[in-house]
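Visitor: I have some questions about the terms used for this structure and the values behind them. Please show it before we start.

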Amino acid sequence: MSTEPNKNSPTHKLPTHPPREPTPEIQPPTTNKPSLNLLTSATCPTTSPPKYPDPRNRDTPFFKSAQWTADGTTLLTLTSHPSIQTYVLPSTLLTPPHPPLTPTSTLPLPEPTSTFSPSPYFSLSHPSTQYLLTATTDHPIHLTPIFSPASPPLASFFLIKPETESYLPITSLVWPSPGTHFITGTTNLLALFDISRPDSLCSTPLLKIPTIPSTRHISKGNGIGMRGTVSALGLQPTGAGEGILAAGTWTRWVGLYDIYRSGSVIANFSVKPSADHEAGIKGKGVVQTIWSPCGRYLVVNERGSEGLLVYDVRGMHKLLGWLSGRDGTTNQRLGVDVFPDQNGNGFEVWAGTKNGTVVMYEGVGMNEGETKPTWEWGVNDGESAVGATAMHSSGSVLATCSGSWKVADDGSSDEGSSDDSDSDSEDDSSSGKKPAFVVEETSLKVWSIDASNGAAAQEFEPLEGDVEEKE
């Protein structure tokens, strides 16, 4: 699947930044906090009008999510228009002046989606590695060159329902290292694909794993397995890319699968008792399952929740603890990221909130029960939700993206993007008109983290505005 080298493709690399110094232990709490400085930012570009305008006047795009490529030189963002914007960070990112970011390429999508994945072997200096997997409704899974969005897909992969010959909606996707296979999730089904055997070479996945015994029986599994749309996938980091797969559903279940070895389920359990009764943080469905860097702990992120759940997979799927103080009470997907603690005391969790702030937890996995945020700071004026926090592999650079629709009539917050909401009825019954939606703030921001400033660091409480750009 190699292509001719793209002569216009950027070839420089982000300079290697030394890892930040170890952060102080959180027990007892410390007053020294790292300083955070805004390096550069971008606003969501307004592309050409959509082919089918939104009947509810929601045509202004905003950033929904962001993630780094494997080599840490490029940011990929998903917008609500829908499209995927690619930003190559300048080689002088860490030294002033810091010019605004501009998209290097734009890949328009035929339908809204909540899942995409760049190649796990992406390298900015090798055009043959610069690929992207996208999955949209009523379309095959496409493998597309990132910097040549106008080119036809390099390959297509099909997941079809045999009874109706229709495309199954891909609601989650993970493309792990070393990149030879990828995994998708849909309603009551997981599928494993070989990236080297697309189209007519292999019209069906290598492996299909139903999450319930049967979809045709009246009992829909009779209590066995987990029934529902697989909305989140996370693969345990093992170095070889063959760890345990954690799948989460809108019905608030989590299943652990040994998809590479036995191709079967290990365990499945409901997160509802833990979230509603033990932790009291509630939830409306799993949007993300992310493993700790050591692979021992699983963080479960639900929409409509006031925190995050932490499980020890060695403890028979019993709840280890929960992270409180993260306001995610919205149907919009609010992603989290993890990073290893430099002292070996657990790991860090970075999470955005619906109020325009980011909260950070230290020492996760070291204590049972409730863990409160170590510190937080404001990304915007509270005008929009922070949809993603993406930590650079160096640990010294953090990317955030924010944006959400709000009802123009009274300013109340919309419950997130339509593709993530179970209920999408907000008609104005009194007037018979559709309510107008506006985007008050949307931005992609890149921050530098300096843990060496100690007493010189600012206090990270929710801010009235953005952190000023470092001179």
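Guide: This is a predicted model. A search of the whole structure finds two cavities of 30 Å³ or more.

Visitor: What is the volume of the largest cavity, and which residues line the largest cavity?

Guide: The volume of the largest cavity is about 50 Å³. Its lining consists of Val-310, Leu-320, Gly-321, Trp-322, Leu-323, Gly-363, Val-364, Gly-365, Asn-367, Gly-369 and Thr-371. Two or more lining residues come from each of S23, S26 and strand S27 (369-371).

Visitor: Which element gives the most to that lining?

Guide: S23 does, with four residues.

Visitor: How do you know that S23 is paired with S22?

Guide: Two strands pair if DSSP finds at least two bridges between them. S22 and strand S23 (residues 319-328) have six bridges, in the antiparallel sense, so the pair meets the cut-off of at least two. Ser-305 stands opposite Gly-328 in S23.

Visitor: What makes S21 and S22 a pair, and what lies between them?

Guide: Strand S21 (residues 297-302) and S22 share four bridges and run antiparallel; the cut-off is at least two bridges, so they count as paired. The bridge partner of Tyr-297 is Asp-312 in S22. The two strands form a hairpin with two residues between them. In the turn, Gly-304 has a positive phi of about 65°.

Visitor: Why is strand S22 called mostly covered?

Guide: Buried means under 20% relative accessible area. In S22 (residues 305-312), seven of the eight residues are buried.

Visitor: What is the order of the strands in the open sheet of four, and what makes a strand an edge strand there?

Guide: The order is S24-S25-S26-S28, with antiparallel pairing. Strand S24 (336-340) and strand S28 (375-378) are the edge strands, as each pairs on one side only. From one strand to the next, the twist averages 20°.

Visitor: How many bridges join S25 to S26?

Guide: Five bridges join strand S25 (residues 347-352) to strand S26 (residues 357-364), and the two run antiparallel. Trp-350 stands opposite Met-360 in S26.

Visitor: Why is Arg-252 called buried?

Guide: Its relative accessibility is 9%. The cut-off for buried is under 20%, so Arg-252 counts as buried. Arg-252 lies in the loop between strand S17 (245-249) and strand S18 (253-258). Its phi is near 70°, a positive value in a residue other than glycine.

Visitor: Is Lys-282 buried or exposed?

Guide: Lys-282 has a relative accessible area of 54%. Exposed means over 50%, so Lys-282 is exposed. Lys-282 is located in the loop between helix H1 (272-279) and S20. Although not a glycine, Lys-282 has a positive phi of about 60°.

Visitor: Which residues does a cis peptide bond with omega of about 10° join?

Guide: That bond joins His-81 and Pro-82. Pro-82 is found in the loop between strand S3 (74-79) and strand S4 (83-88). The peptide bond from Ser-177 to Pro-178 is also cis, with omega near 10°. Pro-178 belongs to the loop between strand S12 (172-174) and strand S13 (181-186).

Visitor: Why is Ser-448 called buried, and which residues does Ser-448 touch?

Guide: The relative accessible area of Ser-448 is 12%. Under 20% is the cut-off, so Ser-448 is buried. Ser-448 is placed in strand S33 (residues 442-450). Leaving out residues up to four places away in sequence, Ser-448 touches Ser-35, Leu-36, Asn-37, Leu-39 and Ser-396.

Conventions
Residues are numbered from 1 along each chain as its sequence is written. This is a predicted model: local features need pLDDT of at least 70, side-chain atom pairs count only at pLDDT 80 or more; totals for chains, interfaces and linings use all residues. Side-chain values use heavy atoms; hydrogens and water are left out. Buried means under 20% relative accessible area, exposed over 50%, partly exposed in between (1.4 Å probe, protein chains only). Axes are lines fitted to C-alpha atoms, for helices over the stretch in contact, and angles run from 0 to 180 degrees between N-to-C directions. On a 1 Å grid over the protein atoms alone, a cavity is a set of points where a 1.4 Å probe fits but cannot get out, and a pocket is an open set with protein on both sides within 12 Å along at least five of seven lines; lining residues have an atom within 4 Å of a point. Grid points are joined across faces, edges and corners, and a volume is the space filled by probe spheres set on the points. Contact means heavy atoms within 4.5 Å.
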